[in-house]
Amino acid sequence: MNKTLFHLAFPLNNIEQTKAFYGGGLGCEIGRETSNSIIMNLYGHQIVAHVNKEPLTPQNGIYPRHFGLIFTSETDWENLLDAAQQKHLKFYQEPKRRFPGLPTEHRTFFLEDPFDNLLEFKYYCYPEAVLGCNEYAQVGDV
């Protein structure tokens, strides 16, 4: 079976802080590394952090840019939440439930890495909402 993997590249300005947050904090396996980049395994997907010589500035709010994971098991989502809290990772948005009672209901929280990149972790109560439920137009926070 051919499994397709997701790849994402994003900016940073310190490799050691990256390893501490993504490796030590989120449990990413650290792969190849140079003085300018590092490859990591985020739950089976390749993320690559590249050193940016220009200042990294935070965006105002969670939009337009963030990345993360959608868990298919609520227990796995809760386990990551517990680990993030125990490791005192920086929460950008505390855990909450979006769209309660609707087919698009999901649990979510946002973390902020040391370089102002935002990561969202979700669990949908109804799996069909991940890529379906098109009759429900609301996406994210208003």
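## A glycine to start from

Just after helix H1, Gly27 takes a positive phi of about 80 degrees. Keep in mind that this is a predicted model. Gly27 also turns up on the contact list of Tyr22, a residue we'll come back to.

## Helix H1

H1 covers residues 15-25. At its start, a side-chain oxygen of Asn14 comes to within 3.0 Å of the backbone nitrogen of Glu16. Buried residues in the helix are Ile15, Thr18, Phe21, Tyr22, Gly23 and Gly25.

Now for the strands. Four of them form an open sheet, in the order E1-E4-E3-E2 and with mixed pairing. Strands E1 (7-12) and E2 (29-33) sit at the edges, each pairing on one side only. On average, neighbouring strands here are turned by 25 degrees against each other, ignoring direction.

E1 and E4 (residues 45-51) run parallel and are joined by 6 bridges; one of the pairs is Ala9 with Val48 in E4. Helix H1 packs on this sheet, touching E1, E2, E3 (37-42) and E4, and its direction makes about 0 degrees with that of E3.

## The core, and Tyr22

Which residues have the most contacts inside the largest nonpolar core? They are Tyr22, Leu26, Leu111 and Phe121, in a core of 29 residues. Elements giving two or more residues to this core include H1, E5 (67-71), E7 (106-112) and E8 (118-124), while the largest share, 4 residues, comes from H2.

Tyr22 is worth a look on its own. Leaving aside neighbours within four places in sequence, its contacts include Phe10, Cys28, Met40, Ile47, Phe67 and Leu119, along with Asp113 and Asn117.

Technical notes: Residues are numbered from 1 along each chain as its sequence is written. This is a predicted model: local features need pLDDT of at least 70, side-chain atom pairs count only at pLDDT 80 or more; totals for chains, interfaces and linings use all residues. Side-chain values use heavy atoms; hydrogens and water are left out. Two strands pair if DSSP finds at least two bridges between them. Axes are lines fitted to C-alpha atoms, for helices over the stretch in contact, and angles run from 0 to 180 degrees between N-to-C directions. Contact means heavy atoms within 4.5 Å. Buried means under 20% relative accessible area, exposed over 50%, partly exposed in between (1.4 Å probe, protein chains only). A polar contact is a pair of N or O atoms within 3.5 Å; within protein, one must be able to donate a hydrogen and the other to accept it, and residues adjacent in sequence count only if both atoms are side-chain atoms. A nonpolar core is a set of buried Ala, Val, Leu, Ile, Met, Phe, Trp, Tyr and Cys residues joined through side-chain atoms within 4.5 Å.
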